[in-house]
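Dear colleague,

Please find below the structure that I am handing over to you. My findings follow directly after it.

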Amino acid sequence: MMNLREPLPIPEVGAMKRAGTKIVMVTAYDHPSARLASEAGVDLILVGDSAGNNVLGYDTTVPVTMDEAVMLTGAVARAKPRALVIGDMPFGSFQASDADAVANAVRLVKAGADGVKLEGAGPMVSRVRAIVGAGIPVMGHLGLTPQSATMLGGMKAQGQTAATARRLLDDARELESAGCFTLVLESVPARIGALVSQELRIPTIGIGAGPGCDGQVLVWHDLLGINEGAAPRFVKRYADVAGEIRRGLETFAADVRSGAYPADEHEYKIAGEELRAFEADLRDGGDPS
Ligand code: KIV
């Protein structure tokens with residue numbers, strides 16, 4: 001298999017902002033998806049805790065465990081993508097202490113992540129400083145932070161008042177000072193996404209934060225149309241993968257039922273004399289060898 005691994009150096013991500021080059025990030029949770037993302041030229045792959053509701057069957061991201069995050073991160077990293085692999089730190093893996101945060105970030109790096117992402121500011125700024133101090137690049141995440149959606153009043157847009165927008169900017173500056181190399185801004189007004197991006201030296205990567213961010217991220221299952229239900233307003237579907245899968249499966253089922261599959265070209269062959277010997281053996285009830 002082609003080795004795609006010439007990872008984008010972390011400082012290059014900051015250089016992209018300075019050069020005005022938009023940063024492209026997608027989530028991915030498995031090996032073939034990571035290979036496809038890399039071949040498509042994306043810059044960063046986030047092994048998001050959104051795996052919880054997109055592949056693991058949970059209702060939210062909250063139940064995702066470190067063991068699950070490590071397994072998914074390993075699967076993505078083994079594709080050796082050119083894209084940087086960012087392992088998302090699940091709820092409970094960093095909130096309690098700096099020591100927990102460093103130990104769990106190390107687990108993600110040992111599984112193959114180039115860096116980690118964690119949600120929040122306030123006490124989490126100290127976690128960022130500790131992880132960066134251990135030599136691991138950290139991506140911050142502000143705005144709608146799904147792990148603390150209950151505290152935020154649900155999965156809804158943030159920073160829509162002058163006070164909360166001010167708080168968002170202050171938090172973003174603190175995360176930048178603590179050493180984050182990038183910052184995800186989720187579900188904030190486009191004007192606030194643009195203003196925060198202008199105020200920071202590090203790149204912002206928006207999801208529902210408008211075109212003024214330095215890059216954009218979407219969840220794999222949303223952007224490729226694997227998820228078909230109601231979606232947040234920022235989701236744009238670039239493919240109909242669910243439709244393709246359904247068409248393929250329905251055709252397979254129809255072919256099996258009609259006998260159209262398997263056809264001659266799908267069969268293994270046995271030489272005529274071997275078959276005749278076997279058939280004679282069956283008739284005689286003996287041993288052909
Ligand atoms: O887990 C995830 O997919 C994320 C993105 C929405 C940024 O955190």
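I begin with the backbone. Lys 80 lies in the loop between α4 and β3 (84-88). The model is a predicted one, and in it the phi of Lys 80 is near 50°, a positive value in a residue other than glycine. As background to both points, most residues other than glycine have a negative phi, and most peptide bonds are trans.

I turn next to the ligand. Where does the ligand sit? The ligand is found in the largest pocket. Around the ligand are Thr 27, Leu 46, Gly 48, Asp 49, Ser 50 and Asp 88, together with Lys 117, His 141, Val 184, Glu 186, Ile 207 and Val 219. By class, this shell consists of four nonpolar, four polar and four charged residues.

- Asp 49: an N or O atom of its side chain is 2.9 Å from an oxygen atom of the ligand.
- Lys 117: an N or O atom of its side chain is 3.0 Å from an oxygen atom of the ligand.
- Asp 88: a polar atom of its side chain lies 3.1 Å from an oxygen atom of the ligand.

With regard to surface area, the ligand taken alone exposes 260 Å², of which the protein buries 95%.

Finally, I considered charge pairs within the protein. Side chains of opposite charge can pair when their charged atoms come close. With a cut-off of 4 Å between a side-chain nitrogen of Lys or Arg and a carboxyl oxygen of Asp or Glu, the count comes to 14 salt bridges. One of these joins Arg 107 to Asp 67, with the closest N and O atoms 2.8 Å apart. Arg 107 is part of helix α5 (residues 98-110) and Asp 67 is part of helix α4 (residues 66-77), so this pair ties together parts that are 40 residues apart in sequence.

With kind regards

Conventions:
Residues numbered from 1 in each chain as written. Predicted model: local features only at pLDDT ≥ 70, side-chain atom pairs only at ≥ 80, totals over all residues. Heavy atoms only, no water. Near = heavy atom within 4 Å. Polar contact = N/O pair within 3.5 Å; in protein donor to acceptor, adjacent residues only side chain to side chain. Areas by Shrake-Rupley, 256 points an atom, 1.4 Å probe, with all protein chains shown as cover. 1 Å grid on protein atoms, 1.4 Å probe; cavity = no way out; pocket = protein on both sides within 12 Å on 5 of 7 lines; lining within 4 Å. Sits in = over half its atoms within 2 Å of the grid points. Nonpolar A, V, L, I, M, F, W, Y, C, P; charged D, E, K, R; others polar. Helix = DSSP H or I, 4+ residues; strand = E, 2+ residues; numbered from the N terminus.
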